[in-house]
Amino acid sequence: PAGWPRECMNILSKLIAYEKDDIKYALPFLRPSYIGDTNPNFTDIQNRLYLNLYRNHLDFHRDVVNIFRTCERNFPDASCELRLMIGGIEKLFSEIWSRYLLYRKPNEVG
């Protein structure tokens, strides 16, 4: 895929690869175990990108943000290890997403 799907795949790859102190922060969120079976996890989002199931970059953004919000709901204690991990990923996502929007071609579909 080209255009926004490729950019979203690149963004997702950076989120999945994020690690700190030799801990892969995305690992618990690659499967439904911590965010529930009905919510997308990073593997689901990756598959949806590969299968071109997103209409645009905003659908991708919605699913990624949904992981953050679901984790907050499921683990209300902000000092919980999973909340700290997803918080690190969310911070990275916000930074990358802001750059993506800043440099995105205005005439690009999606």
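## Close-up views of a predicted model

What covers the buried residues of helix H4 in this predicted model includes helix H1 (4–17), strand E2 (23–24), helix H2 (42–50) and helix H3. The views below take these parts in turn.

**View 1. The buried residues of helix H4.** Which residues of H4 are buried? They are Leu 82, Arg 83, Met 85, Ile 86, Gly 88, Ile 89, Leu 92, Phe 93, Ile 96, Trp 97 and Tyr 100. As you read along that list, keep one general idea in mind. An α-helix has 3.6 residues a turn, so residues three or four places apart point the same way.

**View 2. Helix H3 and its buried residues.** Helix H3 has 18 residues, and from its first C-alpha to its last it reaches 26 Å, close to the 26 Å expected at 1.5 Å a residue. Its buried residues are His 57, Asp 59, Phe 60, Asp 63, Val 64, Ile 67, Phe 68, Thr 70 and Cys 71. What do the buried residues of H3 pack against? Their partners are H1, H2 and H4.

**View 3. Helix H3 packing on helix H4.** Here H3 (residues 57–74) and H4 (residues 81–103) pack at an angle of about 160°, and their axes are 9 Å apart. An angle over 145 degrees counts as roughly antiparallel, so H3 and H4 are roughly antiparallel to each other. The crossing of H3 past H4 is left-handed.

**View 4. Side by side at the contact of H3 with H4.** From H3, the residues that take part include Phe 60, Val 64, Ile 67 and Phe 68. On H4, look for Ile 86, Ile 89, Phe 93 and Trp 97 among them. Sorted by class, this contact has 13 nonpolar, two polar and four charged residues.

**View 5. Two aspartates in the loop between strands E1 and E2.** Asp 21 lies in the loop between strand E1 (19–20) and E2, and Asp 22 is found in that loop too. Most residues other than glycine have a negative phi. Yet Asp 21 has a positive phi of about 55° although it is not a glycine, and Asp 22 has a positive phi of about 65°, again without being a glycine. Are these aspartates buried or exposed? Asp 21 is exposed, with a relative accessible area of 67%, and Asp 22 is exposed as well, at 72%.

Definitions and conventions. Residues are numbered from 1 along each chain as its sequence is written. This is a predicted model: local features need pLDDT of at least 70, side-chain atom pairs count only at pLDDT 80 or more; totals for chains, interfaces and linings use all residues. Side-chain values use heavy atoms; hydrogens and water are left out. Axes are lines fitted to C-alpha atoms, for helices over the stretch in contact, and angles run from 0 to 180 degrees between N-to-C directions. Helices (H or I, at least four residues) and strands (E, at least two) are DSSP runs, numbered from the N terminus. Angles under 35 degrees count as roughly parallel, over 145 as roughly antiparallel, 65 to 115 as roughly perpendicular and the rest as oblique. A crossing is left-handed if the near helix is turned anticlockwise from the far one by less than a right angle, and right-handed if clockwise. Contact means heavy atoms within 4.5 Å. Ala, Val, Leu, Ile, Met, Phe, Trp, Tyr, Cys and Pro count as nonpolar, Asp, Glu, Lys and Arg as charged, and the others, Gly among them, as polar. Buried means under 20% relative accessible area, exposed over 50%, partly exposed in between (1.4 Å probe, protein chains only). The expected span of a helix is 1.5 Å times one less than its number of residues.
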